[in-house]
Amino acid sequence: DLSKYRAPDAIAQQHQVTEGMKVIRALPLEERKRVYRADRVANQQQWYERKSGFNRRRAVLAHVTLIVVEVIAVLAAMLPIVLLALGLFPLSLQALAANIAGGGAAWMQAKRYEDLNASYTVTANEMQKVTADITDQHDDPAWASFVENVEGSMSREHQLWRATRTN
């Protein structure tokens, strides 16, 4: 009996609990588990896998960009030295410093993509484990606790993602 797990009326009135959710809540436990596995956990796992791949590709692109910038920086740093030796151009340390700063910024961005890739991969793997663990929930209290833990895991990942957006 899930009646004791109902959302408070104030929350339900804010449409956080939809009619569809109410219908699912009224289903037998095995059917709720099937719906949760197919429509929530699998969806989240696929989303995290896609985002992990996206960030993995971005990390590679950022690393390639960093290498290109570093090569350009070395060439830009060497060019004034060569031109100075030929008496054609004065040495500019400002250009060298700007190139080094640009390379550092690219490296920092690449690191963020790697962090997001790792975080999303871990969460996608957790969702895969959740799929296997769904069948181990045999009564409503265990099911409610299980869902709360799973949603908490997704919420933690979302909070971490939001934290990367504010820095």
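Guide: Accessible areas come from the Shrake-Rupley method with a 1.4 Å probe, and for residues only the protein chains shown count as cover. By that method, the chain has an accessible surface of about 11,300 Å². Carbon and sulfur atoms hold 62% of that surface.

The model is predicted: local features need pLDDT of at least 70, side-chain atom pairs count only at pLDDT 80 or more, and totals for chains, interfaces and linings use all residues. Residues are numbered from 1 along each chain as its sequence is written, and side-chain values use heavy atoms, with hydrogens and water left out.

The chain has five helices and zero strands, where helices (H or I, at least four residues) and strands (E, at least two) are DSSP runs numbered from the N terminus. Along the sequence this gives the pattern α-α-α-α-α. The part to look at is helix α3, which covers residues 29-85.

Start with R32, which is in helix α3. R32 has a relative accessibility of 7% and therefore counts as buried; buried means under 20% relative accessible area, exposed over 50%, and partly exposed in between (1.4 Å probe, protein chains only). Across the chain, 25% of the 167 residues count as buried. The side chain of R32 forms a salt bridge with that of D140, at 2.4 Å from N to O. This pair links distant parts of the chain, since R32 belongs to helix α3 and D140 to helix α5 (residues 140-166), 108 residues apart. A salt bridge here is a side-chain nitrogen of Lys or Arg within 4 Å of a carboxyl oxygen of Asp or Glu. D140 is buried, as is R32. A polar atom of the R32 side chain also lies 2.8 Å from the backbone oxygen of L27.

The structure holds six salt bridges, and another one joins the side chains of R34 and E31 at 2.8 Å, N to O. Both of these residues lie in helix α3, three residues apart, which is about one turn of the helix. R34 is partly exposed, because its relative accessible area is 42%. E31 also counts as partly exposed, at 29%.

For comparison, look at helix α2 (residues 19-25), where K22 and E19 are three residues apart and therefore separated by about one helical turn. Their side chains meet in a salt bridge of 3.4 Å, N to O. K22 is partly exposed at 39% relative accessibility, whereas E19 is exposed at 57%.

Back in helix α3 there is Q44. With a relative accessible area of 13%, Q44 is buried. Leaving aside residues up to four places away in sequence, Q44 touches M127 and M154. A contact of this kind means heavy atoms within 4.5 Å. Of the contacts in the chain with a separation of 6 or more, 74% are between residues 24 or more positions apart.

I72 counts as partly exposed because its relative accessibility is 47%. Together with V60, V64 and V68, I72 forms a nonpolar patch on the surface, and the accessible area of the four is about 330 Å². Patches are made of residues with over 30% relative accessible area and no salt bridge, joining like charges within 9 Å and nonpolar side chains (Val, Leu, Ile, Met, Phe, Trp, Tyr) within 5 Å.

Methods
Polar contact = N/O pair within 3.5 Å; in protein donor to acceptor, adjacent residues only side chain to side chain.
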